[in-house]
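Hello,

Here is the structure I said I would pass on. My notes on the side chains follow below it.

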Amino acid sequence: MTDLPTVVSIAALLAVVIALVVQQQQARTAQMVDVRERHFELIKLMLDHPELDYNATDRPTSDDRKTAIGMSLWMAHWNTLWHIGKLDEKALRFNLEDLFLNAEARSWWRRVSSAWSSKGTRKERRFLAIVNQECEAARAKPSVPRREPVKSGSGVRD
């Protein structure tokens with residue numbers, strides 16, 4: 001027969017494990033809420049400032065740096081999703097293909113890619129390799145008209 005201190009120790013250990021699992025789930029939930037809020041803010045920013053929207057066909061031709069800032073914000077958003085495991089390679093490539101349909105985006109990435117990240121982890125190096133592959137693939141494709149024009153600020157394709 002097992003003695004009481006052993007049973008209490010096992011119960012305490014089990015309680016700690018359960019608490020850690022619950023805490024991990026709460027942290028993941030908090031991450032997802034943060035990512036969704038960031039995505040919402042990016043969309044709102046693009047609607048309020050069409051010059052930041054790399055995908056807009058009727059974007060005002062003001063300061064080109066604003067478009068670069070918009071592209072950088074999206075790249076950082078996708079990078080965050082990639083690192084927390086909420087964006088797989090297929091979805092990342094889909095987003096990048098859309099981004100790099102724009103010659104301005106390809107030019108921007110060629111200028112900033114070497115300094116965009118510290119490339120510290122294997123996961124980060126894989127992310128950057130995929131981005132570089134998609135940029136090169138888009139550059140190698142014959143120039144085709146965009147799928148359908150996107151009216152800046154409308155949020156829908158016409």
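**Salt bridges**

Glu89 and Arg93 form a salt bridge in which the closest N and O atoms are 2.9 Å apart. A salt bridge here is a side-chain nitrogen of Lys or Arg within 4 Å of a carboxyl oxygen of Asp or Glu.

Before the rest, the ground rules. This is a predicted model, in which local features need pLDDT of at least 70 and side-chain atom pairs count only at pLDDT 80 or more, while totals for chains, interfaces and linings use all residues. Residues are numbered from 1 along each chain as its sequence is written, and side-chain values use heavy atoms, with hydrogens and water left out.

Glu89 and Arg93 are four residues apart in helix α3 (residues 89-100), so about one helical turn separates them. Helices (H or I, at least four residues) and strands (E, at least two) are DSSP runs, numbered from the N terminus. Glu89 is partly exposed, at 29% relative accessibility. For that scale, buried means under 20% relative accessible area, exposed over 50%, and partly exposed in between (1.4 Å probe, protein chains only).

Arg93 also meets Glu134 in a salt bridge, at 2.8 Å from N to O. Because Arg93 lies in helix α3 and Glu134 in helix α5, this pair ties together parts that are 41 residues apart in sequence. Glu134 is buried, at 14% relative accessibility. Glu89, Arg93, Arg126 and Glu134 are linked in a network of salt bridges.

Helix α5 (residues 122-140) also holds Gln133, which is partly exposed with a relative accessible area of 37%. Leaving aside neighbours within four places in sequence, Gln133 is in contact (heavy atoms within 4.5 Å) with Arg93 and Arg126.

Another salt bridge joins Glu136 and Arg139, with the closest N and O atoms 2.5 Å apart. These two are three residues apart in helix α5, about one helical turn. Glu136 is partly exposed at 37% relative accessibility, and so is Arg139 at 42%. The count comes to five salt bridges.

**Tryptophans and helix α4**

How many aromatic pairs does a search of the whole structure find? It finds three. Rings of Phe, Tyr and Trp (its six-membered ring) pair if their centres lie within 6.5 Å; planes under 30 degrees apart count as stacked, over 60 as edge-to-face and the rest as tilted.

One of them is the tilted pair of Trp74 and Trp78, at 6.0 Å centre to centre and 35° between the planes. Both lie in helix α2 (residues 64-83), four residues apart, about one turn of the helix. Trp74 is buried at 10% relative accessible area, and Trp78 is buried at 4%.

Trp108 and Trp109 make another tilted pair, 5.6 Å centre to centre with 55° between the planes. Trp108 is buried at 3% relative accessibility and Trp109 at 1%.

In helix α4 (residues 103-112), Ala105, Arg106, Trp108 and Trp109 are buried. They cover an arc of only 160° around the axis (taken from the directions from the helix axis to the C-beta atoms), which puts them on the same side of α4.

Regards
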